[in-house]
Amino acid sequence: MKNRQATELLFTLSKPGRRAAVCPPCDVPECSLKEMISAEFLADELSELPELCEPDVIRHFVNLSTLNMSVDTHFYPLGSCTMKYNPKRHERLSALAGIVDVHPYQADELNQGMLHILFELQEMLAEISGLPAISLQPAAGAQGELTALLVAAAYFRDKGENRTKVLFPSSAHGTNPASAAIAGFECVQLSETSDGLVNLEELQSRLDHQTAAFMITNPNTLGLFESEIATISQMLHDAGGLVYIDGANMNAILGIARPGDFGGDMMHYNIHKTFTGPHGAGGPGAGPIAVRDFLADYLPGPVVVRSESDSDTLAYQLRNPDKSIGRVRSYFGNVGILIRGYCYLRTLGAKGLREVSENAVLNANYLMAKLKDTLPVPHGEFCMHEFVASAQQIQREHGISAMDIAKRLLDFGFHAPTVYFPLVVPEAVMVEPTETESKETLDAFADAIKEIIGESPAFLHEAPHSTPVSRPNDVQAARKPVLKWSASSDS
Amino acid sequence: MAYLFNTPDQQTEMLQTIGVDSIDALFQQIPSSNQLNRDLQLPGALTEMELEAHMRQLAASNGGGLNRICMLGGGVYDHFVPAVVDEIASRGEFYTAYTPYQAEASQGSLQAFFEYQTLICQLTGMDVSNASLYEGGTSVSEAAFMAMRITKRHGKVVILGSVHPEYRQIIATYVDNVYCTVVVIPTPQGTADPADVEAAVDDQTACVIFQHPNFFGCLEQVGQLSEIAHRNGAMSIVSFDPISLGLLQRPADYGADIAVAEGQSLGIPMQFGGPFLGILACRQKYVRQMPGRLVGETVDRNGKRCFVLNLQAREQHIRREKATSNICTNQGLLALRATVYLTLLGKHGLREVSELCCRKAHYAADRLSAIDGISLAFERPFFKEFVLQCRDGAETVIKKARQNGFDVGPALRQFGDLGGVAANEAFLVAVTENRTKEEIDRLVDAVSISSDSD
């Protein structure tokens, strides 16, 4: 069934003289190019781009698409990534004329519908987080982290305090320390307790007048709620620092607990995870941040404000906060994804959102209960929206690694869970089923894992066996990187 | 309507397997004092039909785009997007997948990104492209950080005042909490005087950053700027317009070390500012200092060609605080759009689009600047965008155009410091292949008549 010819590289499909897109003839008076632009600026020859015709292009990319696993086609329990169903209505609504074709410098008076949507989204995100001030600008979760840390830096500078350190547990996402380093902070990593939670004693011993912030994911990356979060928050505030909540795991607590209520001062959302902006094979995402009142003036601009009843002014306008750290991105933000998040929140309402988290947590606990006798879960009797199992014992006894299980699952028609993260669990298998999966799917997934563990290790080391390609040679890829096609290397 | 499968009976069955008697019991790990214990106060839930009506009403109230003619510029442009781009990008297999960690189940995206990287190299003449960043503005900052790491000069960056003011603001924000001076070279004539750049660059400078065509649409002395950077051991970073490369010299031709761009014009709708595409390409020797995802070719265990995420040891999930960037993903779906767009155009199509933009922009500039009270702000050569200076004020002309269904701008006044450019009475006009002579003539009539009767 595979069309191997169509999935050859574009460059080998190219034939001189083929055309797809063709422009209409020029309708303004022609003059010589060199009258417009002097020769020194002009290219000597045409670019090397390939030449295909339109059916070629369609067949190539449609066939390529069939080589992917995706949420639309497969169960995708990739821990930490919240790969839930992406409602199709969002695609149509975000592509409406009047939304998809608005230029970022469109005058506010011609953009009231858009600003209405974005204002209402700000309000909803403030209510869900319990933190009143929102910036929709960050393009992704990692940029949200960086933005919030720059906000914290500006706040402390304003107060005349020199706070240079950012703390985080070793179970943190890699983006936490990377963002802190780019924001100019020194990174301090803490260990966990044997329960997989923040070590309060160690945290206390590391807090001082140089502490700017503690970055904590809650529920954490082990799928556990940090039950001492109120104490942690008090400790930070006593030391004059701020608490940053990495919102990657918001899918567990929508309408149940709010970062602002349990002690967070700032947080980011991942609209593409929690509120179903599709992941786009890597991006785009959107990473709005929510902060407390006293940080609101430092947010990047623009933000949308609603005018209070003055009939002469527009209902919605763009404003820069008074002490804004400045921009972190050009234009307003990843609006296309924000629109999808808005549509999702308007579809669900308060009750629907709570049901999301209830069923995400139910599904995760059900799958954990079905699997924990096969794949032990070192931390927690129950989990929130995801759990982290360990293949360490199975590896010792049968020589089957987390990677073997992940790869073999592909043959069963399941995307692999996240493996080898978080780093604190050896042979980690991190499973996040999400709420948009059925009991039948979870049962089939659990059965598949049990079956895999009974298979021969040698057979598993060579898995997957039914995918378009088998395990790639990563070592060769890294040793001699081939990062583009070239005519000479293609034989 | 939370897109749920579980029936009440199944929920009960699942709870029995777990060994608890209610869903609430699963939330007992959250201390009750940390729980909300009330309903969120959100607008009521809408069915699909209600939501559609609501969104259509908001979209219709949003004058922008509906039967209006867009000649707005400033880094985002109303280029034509062929239907094939939307068709491919709306394949669920592409847009509902995630970062291709499992290469065996992601060859579609991985090959498309490998093709993207190749197309960007063909377009720019550079040796290597990453699989994309957020957008054009942050790409400039990432390139500057990359230059600091490569030159080991962390204290000074030189940037032209003619670089997009928002891109300059992003750099200023990013380096605000680290010791780094951003020196801005004034460009009061629309482009930089290379002598001013020469005077500002020293042996502590990491890079010289310029935009070409620049924010005002003008062409810079790019060869000289690169030479000045290199003579001082600094890197040459250009922010380019991909469409312009159908006509103009490629970044590699004039000595750029890192070439970055806003890729919106490659088949991506304007959608009030994003999501867009950050392009970053460089010379081969700098590859290990690149930020962002890179896709490489290798073979599988049967010797068959395949594609993988490559050189991940640069990235945050491995290197954490020592990573080359905190960026976690590429803009996969937008990179796919650009890949399809460039493939559809091919070498001849890109040339046609580029030439049409250039010719129509020059026609529009000639006609608009012939109107009494309106003149071209700069005498420099330009590509598809230019600045008009208006005797009676930029806002007056912009409003007259707007009343007649034309959106022009942005007015330069809103950007604050613009490298010494007299911004008060000036605004941008951009002309793409989407505009017709008839539209341009109508704009000229509308603005002329309005000016006379004012």
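Guide: What follows is a conversation about a predicted model.

Visitor: Let's start with chain B; which domains does the assignment give?
Guide: The domain assignment of chain B gives two entries, with domain 1 made of 69-81 + 347-453 and domain 2 covering 83-341. Taken over C-alpha atoms, the centres of domain 1 of chain B and domain 2 of chain B are separated by 28 Å.

Visitor: And how many residues of those two domains are in contact?
Guide: On the domain 1 side of chain B there are 29 residues in contact with 32 residues of domain 2 of chain B. Looking at the side of domain 1 of chain B that touches domain 2 of chain B, α12 (332-369) and β12 (385-390) of chain B each supply at least two residues, and α12(B) gives the most, with seven residues.

Visitor: What's the make-up of that side, by class?
Guide: The side of domain 1 of chain B that touches domain 2 of chain B has 17 nonpolar residues, together with six polar and six charged ones.

Visitor: Switching to strands: is the pairing of β3 and β4 in chain B parallel or antiparallel?
Guide: Strand β3 (residues 156-160) of chain B pairs with strand β4 (residues 181-185) of chain B in the parallel sense, over five bridges. Within that pairing, B:Ile159 stands opposite B:Val184 in β4(B).

Visitor: How does the chain cross from β3(B) to β4(B)?
Guide: The chain crosses through helix α8 (residues 165-174) of chain B, and this β-α-β crossover is right-handed.

Visitor: Now the contact between the chains; how many residues does each one put in?
Guide: Chain A contributes 169 residues to the contact and chain B contributes 165 residues. On the side of chain A that touches chain B, helix α11 (residues 335-371) of chain A supplies the largest share, 23 residues. That side of chain A divides into 98 nonpolar, 44 polar and 27 charged residues.

Visitor: One residue I was curious about is A:Ile229; where does it sit, and is it buried or exposed?
Guide: A:Ile229 is placed in helix α9 (residues 229-238) of chain A. A:Ile229 counts as buried because it has 25 C-beta neighbours inside 10 Å, where 20 or more are needed for that label.

Visitor: What does A:Ile229 touch?
Guide: Not counting residues up to four places away in sequence, A:Ile229 touches A:Asn218, A:Phe262 and A:Gly263, and also B:Asn34 from chain B.

Visitor: And how far apart are A:Ile229 and A:Ala181?
Guide: A:Ile229 and A:Ala181 are 48 residues apart in sequence, and their C-alpha to C-alpha separation in space is 24 Å.

Key
Residues numbered from 1 in each chain as written. Chains lettered and ligands numbered in written order. Predicted model: local features only at pLDDT ≥ 70, side-chain atom pairs only at ≥ 80, totals over all residues. Domains from an automatic or database assignment. Contact = placed C-beta atoms within 7 Å. Helix = DSSP H or I, 4+ residues; strand = E, 2+ residues; numbered from the N terminus. Nonpolar A, V, L, I, M, F, W, Y, C, P; charged D, E, K, R; others polar. Pairing = 2+ DSSP bridges. Right-handed = clockwise from strand over helix to strand, strands pointing away. Buried ≥ 20, exposed ≤ 12 C-beta atoms within 10 Å, placed from the backbone.
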